[in-house]
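Here is a short report on one protein chain.

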Amino acid sequence: MRLVIARCSVDYAGRLSAHLPLATRLLLLKADGSVLVHSDSLSYKPLNWMSPPCTISSIAPDPEQADAGVTEIWKVTQAKTADLLVISIHEILHDSDHELGIDPGLQKDGVEAHLQKLLAEQIELVGDGYRLVRREYMTAIGPVDILARDAAGGAVAIEIKRRGDIDGVEQLTRYLELMNRDPHLFPVAGVFAAQEIKPQARTLAQDRGIRCLLLDYDAMRGLDDSDSRLF
């Protein structure tokens, strides 16, 4: 991984256009080919990024850009969509490379991991005609729990939690932003599944077009016969 702290401006051109004015930012160039632009706020969420596969080229600024203080321009091109991330660097304050090795991945707690396995096996709980594509579908910022297809063949990203709160909705939102850039998946619908979902999280999910799904852990394990209950 290459870490660069630089004074830079950033422009994104593609399905959406965005501009970040000149400021000091952290640029992450990861071994998987992704490029992420971070500020010293917003927790772990990047301001902008380019997911792999992509190519990075460095070019010299033209005279007008040089007069404005630009010393180097990075052009990051997405191989599948031709989306373009342009980073105009004015000054590099830090530049280092680090070998992180193979990461074992996030170890989910037992119940959450079991919920994922059970829902993959009982994908019809999400909806009639749904079929499993795969568990742990990898994105540039981590794996979404389940990738499925609905009855019409549309892609569906499912994030699973024991207790669903706002952070979980934000996490799924970031996955959807990345996955919807892939023309082989777009459009991707989102499902936020949990044993319980806090009202604020449900409101945020609904506002972002994400469907909420309550999971009955005991029933999924076959330990609870809902037909024999009075309540």
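Buried means under 20% relative accessible area, exposed means over 50%, and partly exposed lies in between (1.4 Å probe, protein chains only). This is a predicted model: local features need pLDDT of at least 70, side-chain atom pairs count only at pLDDT 80 or more, and totals for chains, interfaces and linings use all residues. Residues are numbered from 1 along each chain as its sequence is written, and side-chain values use heavy atoms, with hydrogens and water left out.

**Overall build**

The protein chain has five helices and 12 strands. Helices (H or I, at least four residues) and strands (E, at least two) are DSSP runs, numbered from the N terminus. The C-alpha atoms fill a box of roughly 80 × 35 × 35 Å along the principal axes. Of the 231 residues, 41% count as buried.

**Antiparallel strands**

Two strands pair if DSSP finds at least two bridges between them. Strand 1 (residues 2-13) runs antiparallel to strand 7 (residues 84-97), with 12 bridges. Within this pairing, Arg7 has Glu91 of strand 7 as its bridge partner. Strand 7 also pairs with strand 6 (residues 72-78), again in the antiparallel sense, over six bridges.

**Parallel strands and crossovers**

Strand 11 (residues 188-197) has seven of its 10 residues buried, so it is largely enclosed by the rest of the structure. Strand 10 (residues 155-164) pairs with strand 11 in the parallel sense over nine bridges. Gly164 finds its bridge partner in Ile197. Strand 11 also pairs in the parallel sense with strand 12 (residues 211-214), over four bridges. Here Ala193 is partnered by Leu213.

Strand 10, helix 3 (residues 166-179) and strand 11 form a right-handed β-α-β unit. A crossover is right-handed if, with the strands pointing away from the viewer, the path from the first strand over the helix to the second runs clockwise.

**Helix 4**

Which residues of helix 4 are buried? They are Ala201, Leu204 and Ala205. These residues cover an arc of only 100 degrees around the axis, which puts them on the same side of helix 4. The arc is that of the directions from the helix axis to the C-beta atoms. An α-helix has 3.6 residues a turn, so residues three or four places apart point the same way. The buried residues of helix 4 pack against strand 10, helix 3, strand 11 and strand 12 (contact means heavy atoms within 4.5 Å). The face turned away from the buried side carries the exposed residues Pro199, Thr203, Gln206 and Asp207. Gly209 follows helix 4 and has a positive phi, near 75 degrees.

**Salt bridges**

A salt bridge is a side-chain nitrogen of Lys or Arg within 4 Å of a carboxyl oxygen of Asp or Glu. By this rule the count comes to six. The table lists some of them.

| Pair | N to O distance |
|---|---|
| Arg2 and Asp95 | 2.6 Å |
| Arg163 and Glu196 | 3.5 Å |
| Glu170 and Arg208 | 2.9 Å |

Arg2 in strand 1 and Asp95 in strand 7 are 93 residues apart. Arg163 lies in strand 10 and Glu196 in strand 11, so the pair ties together parts 33 residues apart in sequence. Glu170 in helix 3 and Arg208, in the loop between helix 4 and strand 12, are 38 residues apart. Arg208 is partly exposed, at 36% relative accessible area.
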